[in-house]
Amino acid sequence: MPHIPEKIHELTVGQLSARSGAAVSALHFYESKGLITSRRTSGNQRRYTRDALRRVAFVRAAQRVGIPLATIRDALAELPDERTPNREDWARLSAAWRSELDRRIAQLGALRDHLTDCIGCGCLSLENCVLSNPDDVFGDRMTGSRLLPGPAPEDGTG
C-alpha cells in the first residue's frame, strides 16, 4: 500500500483507491451518488481531500451491514458542514439503522426456515405456500397456484 506523506492534502483517485481498498470504479460511482466529492485539476483529473478516506470507510462499513446507498447518502448529508463522520456519528446512525436491520434479519430467518417447505411443495401454491402467501391470507378467498384478476370461472376451466 503506498504511503501518502502528511504534507499531501489531496489524493488522486488511484491513491484513494489504494488506501481505501475500493476500486476506482466504485469511487467514481460513490461520487456520482453524492457520497464523496472531488475537485478537478486544470487537466481535468480528480483530486480528493484526505477526509474522503474516512467517508469511503464509512460508506463501505454501512454497505457491509446492508444499509442502502440512499440511506448512507442521507446520513452523510446530515453531518454539519459536510464533515467526516466520527465514532459518535457512527454510533448514532447505527442505532437508528438497528431496527431496520433487525426487521430484515427476522425476515431472512423466516425465509430460511420455510424454504424447505417451498421446495417440498414444489408448486408455490398460494393456498399454502409460506413464501407467496404468508399466513395463508389468500386461502380464505381462493385456491390455486396464482392469483387471478377476478373470480374463478364456474365451469371448472380456470
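Aromatic pairs first: in this predicted model, the count comes to three. I will go through two of them.

Take F58 and W97. Their ring centres are 6.4 Å apart and the planes stand at 55 degrees, so this pair is tilted. To be called edge-to-face, the planes would have to be over 60 degrees apart. As for where the two residues sit, F58 belongs to helix 3, residues 52-64, and W97 to helix 5, so the pair ties together parts that are 39 residues apart in sequence.

The other pair is W90 with W97. Here the centres are 5.9 Å apart and the planes are at 80 degrees, so the pair is edge-to-face.

Taken together, F58, W90 and W97 form one aromatic cluster.

Now, which of these residues are buried, and which partly exposed? F58 has a relative accessible area of 6%, so it is buried. W97 comes to 9% and also counts as buried, because the cut-off for buried is under 20%. W90 is at 29%, so it counts as partly exposed.

Next, the surface. What makes up the nonpolar patch of about 270 Å²? The residues are L108, L111 and L115. L108 is placed in helix 5, which covers residues 87-121. Is L108 buried or exposed? Its relative accessible area is 56%, so L108 is exposed, because the cut-off for exposed is over 50%.

To recap, helix 5 holds W97, which pairs with F58 of helix 3, and helix 5 also holds L108, one of the residues of the nonpolar patch.

Methods. Residues are numbered from 1 along each chain as its sequence is written. This is a predicted model: local features need pLDDT of at least 70, side-chain atom pairs count only at pLDDT 80 or more; totals for chains, interfaces and linings use all residues. Side-chain values use heavy atoms; hydrogens and water are left out. Patches are made of residues with over 30% relative accessible area and no salt bridge: like charges are joined within 9 Å, nonpolar side chains (Val, Leu, Ile, Met, Phe, Trp, Tyr) within 5 Å. Accessible areas come from the Shrake-Rupley method with a 1.4 Å probe; for residues, only the protein chains shown count as cover. A salt bridge is a side-chain nitrogen of Lys or Arg within 4 Å of a carboxyl oxygen of Asp or Glu. Helices (H or I, at least four residues) and strands (E, at least two) are DSSP runs, numbered from the N terminus. Buried means under 20% relative accessible area, exposed over 50%, partly exposed in between (1.4 Å probe, protein chains only). Rings of Phe, Tyr and Trp (its six-membered ring) pair if their centres lie within 6.5 Å; planes under 30 degrees apart count as stacked, over 60 as edge-to-face and the rest as tilted.
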